[in-house]
Amino acid sequence: MPQHAQNTPVCRDCDGFATAAITTGTRNRDGSRATLRVACRACKGTGRIAPVAVLARAGR
C-alpha cells in the first residue's frame, strides 16, 4: 500500500525552510563561532501556513 504525505501548505515566503543559522565570523570565549538564528516573519518559524478559513469573493 503506498504511503501518502500530508497535504500541508508550505509558507511561500520561506519555502518551508523557516529558520536559518547565520555565522557572524566572530568567536566566543570557548572557541565556538557566534551564530544568529533568524526565523521567517510570515510563518513565525513554523514553515507552514494556516489554511484560509474564509474565501474572498471578487466582483459585485
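Modeller: Start with a definition: a disulfide is a pair of cysteine sulfur atoms within 2.5 Å. Keep in mind that this is a predicted model.

Biologist: How many disulfides does a search of the whole structure find?

Modeller: Take C11 to begin with. The closest cysteine sulfur to its own is in C14, at 3.8 Å, which is too far for a bond. For C40 the closest cysteine sulfur is in C43, also too far for a bond at 3.8 Å. Over the whole structure, the number of disulfides found is 0.

Biologist: Is C11 buried or exposed?

Modeller: Buried means under 20% relative accessible area. C11 has 2%, so C11 is buried.

Biologist: And C40, buried or exposed?

Modeller: The cut-off for buried is again under 20%. The relative accessibility of C40 is 13%, so C40 is buried.

Biologist: Which residues make the largest nonpolar core?

Modeller: In soluble globular proteins, nonpolar side chains tend to be buried together. Here, leaving aside neighbours within four places in sequence, C40 is in contact with residues including C11, C14 and A18. The largest nonpolar core has 5 residues: C11, C14, A18, C40 and C43.

Biologist: Now the surface. Which residues make the nonpolar patch of about 250 Å²?

Modeller: One of them is L36, found in strand β2, residues 33–39. The patch is made by I22, L36 and V38.

Conventions: Residues are numbered from 1 along each chain as its sequence is written. This is a predicted model: local features need pLDDT of at least 70, side-chain atom pairs count only at pLDDT 80 or more; totals for chains, interfaces and linings use all residues. Side-chain values use heavy atoms; hydrogens and water are left out. Patches are made of residues with over 30% relative accessible area and no salt bridge: like charges are joined within 9 Å, nonpolar side chains (Val, Leu, Ile, Met, Phe, Trp, Tyr) within 5 Å. Accessible areas come from the Shrake-Rupley method with a 1.4 Å probe; for residues, only the protein chains shown count as cover. A salt bridge is a side-chain nitrogen of Lys or Arg within 4 Å of a carboxyl oxygen of Asp or Glu. Helices (H or I, at least four residues) and strands (E, at least two) are DSSP runs, numbered from the N terminus. A nonpolar core is a set of buried Ala, Val, Leu, Ile, Met, Phe, Trp, Tyr and Cys residues joined through side-chain atoms within 4.5 Å. Buried means under 20% relative accessible area, exposed over 50%, partly exposed in between (1.4 Å probe, protein chains only). Contact means heavy atoms within 4.5 Å.
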